[in-house]
There are 2 protein chains.
Amino acid sequence: MRTIEWNKGLVTTIDQTKLPQEEIILKIKTLNEMVEAIKNMRVRGAPLLGASAAYGLALTVFNSRVSNREALIEELKSAGKTLKATRPTAVNLFWAIDRILEKIQEANKTLEEIKEQVIQEAQKIADEDVKANRAIGKHGAELINDGDVILTHCNAGALATVEYGTALGVIRAAWEQGKKIKVIATETRPLLQGARLTVYELKRDGIPVKLITDSMAGFVIQKKMINKVVVGADRIVKDAIINKIGTFSLAVIANEYNVPFYIAAPKSTFDLSKKSQDITIEERKPEEVTHFRSQLVAASGVEVFNPAFDITPYKYVSGIIYEDGVFFKKDFETFGINTFTDKK
Amino acid sequence: MRTIEWNKGLVTTIDQTKLPQEEIILKIKTLNEMVEAIKNMRVRGAPLLGASAAYGLALTVFNSRVSNREALIEELKSAGKTLKATRPTAVNLFWAIDRILEKIQEANKTLEEIKEQVIQEAQKIADEDVKANRAIGKHGAELINDGDVILTHCNAGALATVEYGTALGVIRAAWEQGKKIKVIATETRPLLQGARLTVYELKRDGIPVKLITDSMAGFVIQKKMINKVVVGADRIVKDAIINKIGTFSLAVIANEYNVPFYIAAPKSTFDLSKKSQDITIEERKPEEVTHFRSQLVAASGVEVFNPAFDITPYKYVSGIIYEDGVFFKKDFETFGINTFTDKK
């Protein structure tokens, strides 16, 4: 089942803020509705943000009332700007918008041709993500042994992508090959994507999963209760992986205890012209930390620091699984990745 | 204000499971009520568990109806056994019980003398803890500079002790000396002792505090947003510190980024005849992770691993602040602490 679908001006997806207690299908018909869904994390996960932004542009052309190509291009540029202002860290969102906007710059296109092209390109972005995830799964599964226990963080599953997942794609592919693996999932505070989404996905597939709090991950690594860590990425830059807050801690401890630490992400997540210092780490509202749903759980009025992502220097990363294969530590330099930029 | 008080057969304390939203005073009159309060963490924190167990024995003698000293001693031994079965990890609980039971073994005591002695010894244990915390604060404050930002985990405050606190005692003492410090507190999943109790205590004292999730601690260490880590301990053994789950991860990352990592704990927490492998790490019920209060927040029916403590080898620890001073890394061997037992 696909996480996001396009059908003649209607984008259908699931409200991930309500899962798993409620399975509410979102019917998104306008750019503004898509912007709201992205901002409030009803859709989330780097690859899914790419497809969602692309569909945001598709909705823009579908609903457009302008009558000439220049006006449509302006409308698309403005929509792109609005979409880019939703969430600053995952690069796939920017990548998808830029890809579509570049595509339509070609001369001699009529208004209708541009509309058609935007919608087709959005579909293509979504379809390519499915293929990429399947390929990531295939390459990643080769790293997984029968009987492995794999630690994952946040949700890099079907729900974070268009289908199948990146880190969970690797786990799924290994499972489909008959490898008897088990997963330990961190709950992933503050928004509990691990407890809510990863556990939900794995249980549906019948893959054994155990839930821990984020603070317990160090213990399970130290005690060798897991053999590998596999997580996704929101942006892969020259000197580091940027992913859900908590990833960095897992990487440092895995490295300290000689546990392989893998990133699984499609090329749409790569942004190797940039360094981590150039990237905005999104800070989200305090209520995500102080409240559970609407219930206050902290001492009232406390100041909060709530960064949504962290930065994992390459020296802690064993390999990057992507759709064309796996880059191991020894390949990083060739790949344009600098493992020596992290000065203590 | 003292966290726990004895007054003629009545132990008064605050229900820490309800803080900070509700300030409910518990009036504990029997051993069984004390056992329930300990098991359900209405009272918690290693030094406070010591005092609570001691008062559990005081309640036993206060309510005893036996008429000879041998029967009273049997009753106390049985009460000690019941109290020891509540929570397995923090040593202070065992230490307090053994201290009282040893005391009454002396010959030639009458029934009334034994009763009097148990109550006096319980009071002494509580009073000594207050003095120890003040001394820990004094020694620890010398390590804190004006302007420091200190990361702490869980609650090692007044609420974890009889008064003043261990890690928060250090912070309080530095603050009372006029040092303009700030604190970053981890929320401490699953039971949120950081978000609920540490923030509550620091706000009452007017000490600036910012709340983060446990997974954000790595980020704030990496970014040098803090200068020091100060936490408490539940048991200090020959090869490691045992403390609230999540402590180990903080220590590994602090060590990796050259941030001093201090433990603050009284001698009643020391158990240097034992090694970490001899200690039972308490595993608590799954609902602590899957539910917030009574609300299910994870995918239903998921298996959970919920260890309440973890093990931090000494190689990650910069120093132990206790009532007689500070042991730094260089002193560990003299002190009977083995820094080289953690084999990767």
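1. Contact here means heavy atoms within 4.5 Å, and by that rule the meeting of the two chains takes 60 residues from chain A and 60 residues from chain B. This is a predicted model, in which local features need pLDDT of at least 70 and side-chain atom pairs count only at pLDDT 80 or more, while totals for chains, interfaces and linings use all residues. Residues are numbered from 1 along each chain as its sequence is written, chains are lettered from A in the order in which they are written, and side-chain values use heavy atoms, with hydrogens and water left out.

2. The size of an interface is often given as the accessible area lost when the parts come together. Chain A and chain B bury about 5100 Å² between them, 63% of it on carbon and sulfur atoms, where buried area is the accessible area (1.4 Å probe) that two parts lose on being put together, summed over both. A:Phe219, A:Glu256 and A:Phe305 supply 13% of the area that chain A buries against chain B, more than any other three residues.

3. Across the interface of chain A and chain B there are 4 salt bridges, a salt bridge being a side-chain nitrogen of Lys or Arg within 4 Å of a carboxyl oxygen of Asp or Glu. The side chains of A:Arg189 and B:Glu187 form a salt bridge at 2.5 Å, N to O.

4. An open sheet of 8 strands runs in the order β16(A)-β15(A)-β10(A)-β7(A)-β4(A)-β5(A)-β6(A)-β13(B), with mixed pairing; its edge strands, each pairing on one side only, are β16 (325-328) of chain A and β13 (303-304) of chain B. Strands (E, at least two residues) and helices (H or I, at least four) are DSSP runs, numbered from the N terminus, and two strands pair if DSSP finds at least two bridges between them. Within the sheet, β5 (residues 182-186) and β6 (residues 209-212) of chain A pair in the parallel sense over 4 bridges, and A:Val183 stands opposite A:Val209 in β6(A).

5. In chain B, B:Asn155 lies in the loop between β4 (149-152) and α6 (167-176). Is B:Asn155 buried or exposed? B:Asn155 is buried, with a relative accessible area of 3%, and buried means under 20% relative accessible area, exposed over 50% and partly exposed in between (1.4 Å probe, protein chains only). Not counting residues up to four places away in sequence, B:Asn155 touches several residues, among them B:Arg44, B:Leu168 and B:Glu201.
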